[in-house]
There are 4 protein chains.
Amino acid sequence: MRPLAGVYTILTTPFQSNGSLDDVGLRKLVEASIACGIDGLTALGVAGEAHKLTEAERRRVVELTIDTVADRVPVVVGASRESTEATIEACRDAERAGAAGVMIAPPTFVQPGAALTRHFARISEATTLPITLQDFPPVNGVTLGPADMAGLVEAAPTIVTVKLEDPPTPQRIAQLVELLGDRDVSIVGGAGGLYLLDELRRGARGTMTGFAYPEVLVRIWSAWKAGDHAAAADAYYHFLPLLVFEGQPKLGVAVRKEILRRRGLIANALVRQPGPQLVPAIVDDLEQTLTWLGMDDEFPPSAEGEDR
Amino acid sequence: MRPLAGVYTILTTPFQSNGSLDDVGLRKLVEASIACGIDGLTALGVAGEAHKLTEAERRRVVELTIDTVADRVPVVVGASRESTEATIEACRDAERAGAAGVMIAPPTFVQPGAALTRHFARISEATTLPITLQDFPPVNGVTLGPADMAGLVEAAPTIVTVKLEDPPTPQRIAQLVELLGDRDVSIVGGAGGLYLLDELRRGARGTMTGFAYPEVLVRIWSAWKAGDHAAAADAYYHFLPLLVFEGQPKLGVAVRKEILRRRGLIANALVRQPGPQLVPAIVDDLEQTLTWLGMDDEFPPSAEGEDR
Amino acid sequence: MRPLAGVYTILTTPFQSNGSLDDVGLRKLVEASIACGIDGLTALGVAGEAHKLTEAERRRVVELTIDTVADRVPVVVGASRESTEATIEACRDAERAGAAGVMIAPPTFVQPGAALTRHFARISEATTLPITLQDFPPVNGVTLGPADMAGLVEAAPTIVTVKLEDPPTPQRIAQLVELLGDRDVSIVGGAGGLYLLDELRRGARGTMTGFAYPEVLVRIWSAWKAGDHAAAADAYYHFLPLLVFEGQPKLGVAVRKEILRRRGLIANALVRQPGPQLVPAIVDDLEQTLTWLGMDDEFPPSAEGEDR
Amino acid sequence: MRPLAGVYTILTTPFQSNGSLDDVGLRKLVEASIACGIDGLTALGVAGEAHKLTEAERRRVVELTIDTVADRVPVVVGASRESTEATIEACRDAERAGAAGVMIAPPTFVQPGAALTRHFARISEATTLPITLQDFPPVNGVTLGPADMAGLVEAAPTIVTVKLEDPPTPQRIAQLVELLGDRDVSIVGGAGGLYLLDELRRGARGTMTGFAYPEVLVRIWSAWKAGDHAAAADAYYHFLPLLVFEGQPKLGVAVRKEILRRRGLIANALVRQPGPQLVPAIVDDLEQTLTWLGMDDEFPPSAEGEDR
């Protein structure tokens with residue numbers, strides 16, 4: 001049960017034009033992500049529109065992912081539910097399906113306090129998979145201060161990783177690192193990698209997020225891990241225009257799917273509704289951004305990596 | 001496809017002491033509710049802790065309810081999901097299970113606007129069960145103005161009933177009644193019946209809510225429907241202490257389960273966590289309230305009904 | 001610097017038909033409240049639409065109130081501001097004006113944590129008036145758990161009273177009482193007195209709230225204080241229909257002003273906009289409620305008190 | 001009464017180490033902004049911590065600003081209040097002080113609907129200064145859809161400009177532009193200029209925001225206005241690392257003040273509490289970001305402009 005580190009890709013969930021799950025696209029996305037050199041995959045994240053899937057679709061996404069991955073990288077599965085019992089059940093489902101860990105956010109509107117602490121403590125007692133605690137207010141309306149997160153980590157010993165997404169993440173990471181002391185818990189960023197460099201500067205050991213060019217996150221992380229912080233900064237700043245464009249709050253998943261479609265990884269950029277839909281002009285702006293960056297849609301990304 | 005009218009009881013979901021679904025208690029609750037003279041039952045409401053159940057438990061609750069009801073009253077099933085596709089699927093599941101209608105609230109944080117309108121329009125096109133539109137901000141963070149609700153009714157012709165719970169319900173009902181004009185859509189209240197009399201005064205055709213003494217709601221509604229508004233007022237005001245006590249925001253389900261336990265309808269007052277838990281003193285206060293009212297725990301309620 | 005106890009009336013702010021402050025009505029309200037036997041007055045509460053007044057109007061309200069009261073009862077002044085500096089300044093203004101205490105809620109969206117604790121600690125250091133800590137999420141979006149409130153009391157020694165309004169108040173009072181131990185801090189309820197009896201049962205030492213018949217709150221509190229809990233319950237339950245009607249969330253101030261107008265205490269029921277406005281039918285329903293209760297609009301209330 | 005266009009700087013409010021207003025710093029900031037070639041200044045914005053000032057300080061800020069500006073550029077003054085009456089009063093105060101326009105956001109928690117529409121319509125009738133409608137949910141909890149904003153513009157003819165800050169701003173600008181048709185109303189961005197290029201691409205006629213290097217925004221806007229979109233893109237992308245760093249939600253004002261301090265424009269980076277405070281490591285990261293960019297702290301900025 002080790003803290004997560006490196007680049008964990010939150011898997012996008014592709015749909016066919018009729019709205020149903022696109023199995024082929026999902027497998028291609030898994031393969032492409034692994035080819036990018038990521039350290040792990042996360043299925044059923046918010047970026048994977050997990051909450052917009054039916055229960056059967058969720059199971060299918062997990063099965064397909066784990067089957068396609070075939071043990072090449074660990075797979076974390078989103079298991080947030082609205083009650084302790086349902087969350088425990090989701091954790092056990094994930095374990096049975098072969099997941100290496102689970103990601104859990106607080107239930108909707110359950111603010112920090114005794115009840116939330118008990119929730120995580122009981123999950124930790126009743127399940128065995130390592131837990132990534134997720135902090136992402138837009139999805140549950142819950143704001144966790146650094147002290148709250150440290151308290152949850154204290155109460156639930158199987159929390160091995162905290163994934164911070166509520167900005168300002170670099171400063172909050174700095175505060176949480178101090179509170180965690182020498183406890184063996186890792187912190188990772190998210191939010192599409194928008195603040196990745198500064199998150200690493202403050203002690204993050206990686207990121208768990210969706211981003212349509214996982215190879216970019218891998219390049220930044222690899223340089224950083226190797227101690228070449230200047231190269232990490234150069235790569236991060238180089239790709240910042242795209243991180244900012246894709247990272248637009250509420251629109252991100254739609255932009256990402258459009259890019260993945262252009263890259264030939266998925267056939268359709270459809271986002272489950274109600275959800276973001278790009279007006280045509282935004283697709284043009286994306287094109288302009290990619291052009292300015294000289295980004296290549298091609299896949300595999302190895303070629304892309306060469307000329308920079 | 002007729003607008004709902006009368007008293008629809010939102011079914012409480014009982015749990016055994018080990019936390020699992022209490023099938024026996026559920027059947028007893030259904031029988032007791034019907035014995036109280038209600039007009040219909042609603043399974044998988046927020047008051048039924050639907051969002052805290054696993055998918056398997058939800059299916060089980062619906063099956064047990066419909067099986068026990070055996071066509072004596074119509075059964076409405078909660079079908080709110082976070083995407084149009086998942087909601088449609090839930091509606092179809094409800095129909096296959098034998099439901100007479102579905103209750104749907106907006107997805108979390110999806111405020112009124114084009115996307116929400118499309119959501120309900122598409123559900124209405126793709127499914128056949130009559131829809132009760134639910135307005136209850138504490139569960140989804142969505143505030144619907146009267147004009148918003150009228151707009152959704154316009155866009156989704158299978159919405160036959162609007163259930164208002166966001167206070168002040170009497171005034172909002174008055175406003176919605178005016179906006180709906182002669183459209184054949186009913187409005188019902190909720191919120192534990194706390195404002196039932198004034199909701200009826202403003203044009204509600206009943207209530208869809210949980211309350212541990214359904215016979216009380218039935219008595220108020222029956223008198224009102226019979227045109228005896230004075231008797232309705234007397235009954236409502238008589239029981240108001242209990243409506244207020246049980247209706248305490250955030251605590252209601254826990255109080256209700258404690259009463260149902262006292263009445264011998266369920267074996268255990270357990271509420272799924274994170275959720276409300278009564279401190280012992282509040283149970284004493286409930287006792288005092290019931291004593292002051294001279295309430296009888298006994299069931300069937302017929303006896304209780306006599307001496308008043 | 002003593003904890004508050006008894007009935008503190010939050011003063012309604014009356015306006016003339018042209019929208020400007022109604023000095024005459026304000027003085028009449030102060031006199032009427034004192035005639036009802038209240039223990040203190042609170043100016044510039046949310047129920048006084050303090051946030052909808054200009055700075056000049058706020059000063060005028062405080063001046064008029066303190067001048068009219070003429071030391072007959074203590075006057076607490078609302079002093080919530082968005083920064084520590086501005087709050088301290090408001091406290092000093094209140095002191096200069098002759099206030100006996102201040103009421104302070106957290107700044108908008110500043111959730112519990114180190115920054116909020118520092119806010120209250122610094123105010124406590126820099127000012128001398130006793131502080132009533134206010135808990136009322138609808139006005140600032142801040143949710144305070146019992147432990148958070150106990151922590152603020154610990155950090156800010158001049159907090160002598162906590163006013164709880166976020167339901168369920170009786171249970172939260174029970175929890176806070178336990179956390180406060182033998183610290184000499186009082187807890188009072190609010191929310192229009194809707195839960196007054198149960199708040200007293202759980203240890204509240206009174207209430208600070210607006211209600212159009214302060215004499216009703218005084219009667220309940222007096223009976224309770226005298227140890228006659230049965231009489232307190234009888235009075236509370238007797239007037240509950242009106243407590244519920246006036247206590248409707250978001251509508252309360254408008255209902256209250258309409259009653260005060262009927263009682264001849266203010267000339268105009270105008271509420272500052274954007275704010276609640278009663279549709280005519282609701283005014284009829286109010287009339288029906290008062291009629292059912294046999295309430296007398298007359299003032300002074302002494303007469304009203306006799307025949308019950 | 002012309003729609004605003006170009007770069008309007010939201011003036012930062014500097015404080016002395018004792019927490020009181022820094023008049024000297026304020027005058028220097030005004031001069032520096034004008035020297036940067038901005039088109040206008042906005043006093044009492046959220047970025048100016050207007051809500052954290054006392055009423056006297058607000059008056060002082062406006063007086064100092066307008067006096068220092070001495071008619072060289074138009075000055076817009078923030079005038080959002082919680083009631084229509086108080087907002088009208090604030091608009092008149094602004095006019096008397098010599099402002100060229102006002103900026104108004106919806107009152108706290110007043111969601112779109114008839115009441116909000118009336119609020120703006122009445123302000124528009126009762127005052128003469130052109131209004132900039134502000135959309136910024138973090139400060140008031142209000143979410144305005146494009147149709148809501150178009151409706152307010154329709155109802156309040158003196159709204160000449162809409163300032164959008166709720167992301168995704170480029171797409172929302174595209175939608176609002178379409179809804180506004182040929183109505184002579186301008187749209188400007190905000191949010192620290194983070195999405196400035198894409199806002200311009202979608203039809204924004206400038207930006208109204210704080211940013212510690214106004215000359216950067218001016219350079220982007222000037223190039224864009226001159227039709228040299230490539231140069232605008234180059235400038236925007238070049239400075240994006242700093243736009244992202246300073247634009248961190250909730251932390252922005254603190255970062256900006258630290259930069260302004262480094263540039264010698266203000267003596268102290270103090271932010272009114274409760275508010276953001278940079279942990280030391282974040283100051284180091286800012287330094288690294290500036291170093292990577294080769295940013296010069298020097299002022300006047302003319303020198304800075306040369307070497308790029």
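Copies of a chain are superposed here by least squares on the C-alpha atoms of residues with pLDDT of at least 70 in both. The model is a predicted one, and on this basis chain B can be laid on chain C by a turn of 180 degrees with a shift of 0.0 Å along the axis, the RMSD being 0.0 Å. Among the residues of chain B, the closest approach to this rotation axis is made by Leu240(B), whose C-alpha atom lies at 3.7 Å.

The contact between these two chains draws 23 residues from chain B and 23 residues from chain C. On the side of chain B that touches chain C, the elements that give two or more residues are helix H7 (169-180), helix H8 (196-201), helix H10 (229-246) and helix H12 (280-293) of chain B. The largest share of this side, five residues, is supplied by H10(B). When the residues of the side of chain B that touches chain C are divided by class, 15 are nonpolar, three are polar and five are charged. Because 100% of the interface residues of chain B are also interface residues in chain C, the copies meet through the same surface.

A rotation of 180 degrees, with 0.0 Å of shift along its axis, superposes chain A on chain D with an RMSD of 0.0 Å. The two copies are therefore related as by a two-fold rotation axis. Of the residues of chain A, Leu240(A) comes closest to the rotation axis, its C-alpha atom being at 3.7 Å. The same surface serves both copies, in that 100% of the contact residues of chain A recur in chain D.

In this second pairing, 23 residues of chain A are in contact with 23 residues of chain D. Helix H7 (169-180), helix H8 (196-201), helix H10 (229-246) and helix H12 (280-293) of chain A are the elements that give two or more residues to the side of chain A that touches chain D, and H10(A) provides the largest share of that side, with five residues. The side of chain A that touches chain D comprises 15 nonpolar, three polar and five charged residues.

Attention then turned to packing within the chains. The largest nonpolar core has 406 residues, of which Val102(A), Val102(B), Val102(C) and Val102(D) touch the most other members. In chain C, when neighbours within four places in sequence are left aside, Val102(C) is in contact with Val76(C), Val77(C), Ala79(C), Cys91(C), Ala94(C), Leu129(C) and Ile131(C).

Also in chain C, helix H4 (residues 114-126) and helix H6 (residues 146-155) pack at an angle of about 35 degrees, with their axes 8 Å apart, and the crossing of H4(C) and H6(C) is right-handed. To this contact H4(C) contributes Thr117(C), Phe120(C) and Ala121(C), while H6(C) contributes Gly151(C), Leu152(C) and Ala155(C). Of the residues in the contact of H4(C) with H6(C), four are nonpolar, two are polar and none is charged.

Glu298(D) counts as exposed because it has 12 C-beta neighbours inside 10 Å, the cut-off for an exposed residue being 12 or fewer. Although Glu298(D) and Gly264(D) are 34 residues apart in sequence, their C-alpha atoms are 7.8 Å apart in space.

Terms used: Residues numbered from 1 in each chain as written. Chains lettered and ligands numbered in written order. Predicted model: local features only at pLDDT ≥ 70, side-chain atom pairs only at ≥ 80, totals over all residues. Core = buried A, V, L, I, M, F, W, Y, C linked by C-beta atoms within 7 Å. Buried ≥ 20, exposed ≤ 12 C-beta atoms within 10 Å, placed from the backbone. Contact = placed C-beta atoms within 7 Å. Axes fitted to C-alpha atoms, helices over the stretch in contact; angles between N-to-C directions. Helix = DSSP H or I, 4+ residues; strand = E, 2+ residues; numbered from the N terminus. Left-handed = near helix turned anticlockwise from the far one by under 90°. Nonpolar A, V, L, I, M, F, W, Y, C, P; charged D, E, K, R; others polar.
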